[in-house]
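Hi,

Here is the structure I promised to pass on to you. My notes on it follow just below.

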Amino acid sequence: EMETRRATIFTVEIIALLIATCSIWGLPGQAIDLKQLKLYSDSSMPATERLRGLVGLLEEEVQSPTESHIGWGGGKIDHDYTMTQIALGISHVAKETPEARHWLKSKLKESNSTEAEEVLKIALGLARDPSVATCLAELLKRPGNPNRRALAAFAIGESGSVVHIPDLLNALNDAYSFEHCGDVGEAETAIFPVRRAAYLALRRLNVKVLKPNPDDEFKYEVDRASAIKAIVPALQSPDNTMASSAIRAIGRVGGSTASEALQNYIELNRENPDKKELVIQATAAQSCIP
């Protein structure tokens, strides 16, 4: 129950972050009317039918992107923002049943649009499907589309993919920001949506992230030991590919705790012929840690 409450709080925080000061209602003439996204909450319709409608909205947005304009709340609504809202709607329905997620994966295979694929993968990640985490990490590194990148960061956390913790650590320094208008008489504040999303995702993965300066909301300090602790269980995976990813992730986090974790792995598996290549990889990763 506590875990469910934490997940709900995180989801509410990221949605609040992404729609900060924006009205979700579109203006006349926009490519799609975002009020149609209420479709996701109509529980009288089967999940797959709602997903079909939402994916239809996605395809429509890809073909006819929303022109940038200011929403009723004063924030910018554009193609990136609209795609993000569609991803959120799809993810809510995909969480409901395994059948809904299976249907969504089938649509992902059929897609011939890179943009649509990105949104579907974000939605699957938000629905806690770890199979798309590597693609989300790649999306997180690319420039542009800050709302989508922020949601991709958050989706990595929801998917439980600890091997991508280093990518989230890097995202804590993301340069994109926008000015948030406060109440009358208050100064504008710079908001860093990708940094905030990465912070929330890391918390979701049990990594301790602190704010050493209370006056700087988006400057973070990471407890590397907690990051290594979160990744170490993946080293024990019977899947050597997963163990290999964990070794790379630990090496990327770096620090004395990382070196110790790799040394323990080497000692435990030195005589195991099935782990020979992994031991070589761990030794190389350890040697690269300053």
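Let me start with two helices: α2 (residues 47-63) and α4 (residues 98-110) pack with their axes 10 Å apart, at an angle of about 30°. Helices here are DSSP runs (H or I, at least four residues), numbered from the N terminus, and axes are lines fitted to C-alpha atoms over the stretch in contact, with angles running from 0 to 180 degrees between N-to-C directions. That angle makes α2 roughly parallel to α4 (under 35 degrees). On the α2 side the contact (heavy atoms within 4.5 Å) is made by A47, T48, L51, R52, V55 and E59, and on the α4 side by A100, W103, L104 and K107.

Please keep in mind that this is a predicted model, where local features need pLDDT of at least 70 and side-chain atom pairs count only at pLDDT 80 or more, while totals for chains, interfaces and linings use all residues. Residues are numbered from 1 along each chain as its sequence is written, and side-chain values use heavy atoms, leaving out hydrogens and water.

Next comes Q286, which sits in helix α13 (residues 276-287). Q286 is buried, with a relative accessible area of 18% (buried is under 20%, exposed over 50%, partly exposed in between, with a 1.4 Å probe and protein chains only). Leaving aside residues up to four places away in sequence, Q286 touches S259, L262, Q263 and I266. From Q286 to I247 is 39 residues in sequence and 9.1 Å in space, C-alpha to C-alpha.

As for cysteines, C135 is partly exposed at 34% relative accessible area, and C288 is exposed at 65%. The structure holds 0 disulfides (pairs of cysteine sulfur atoms within 2.5 Å).

Best wishes

Conventions:
Parallel < 35°, antiparallel > 145°, perpendicular 65-115°, else oblique.
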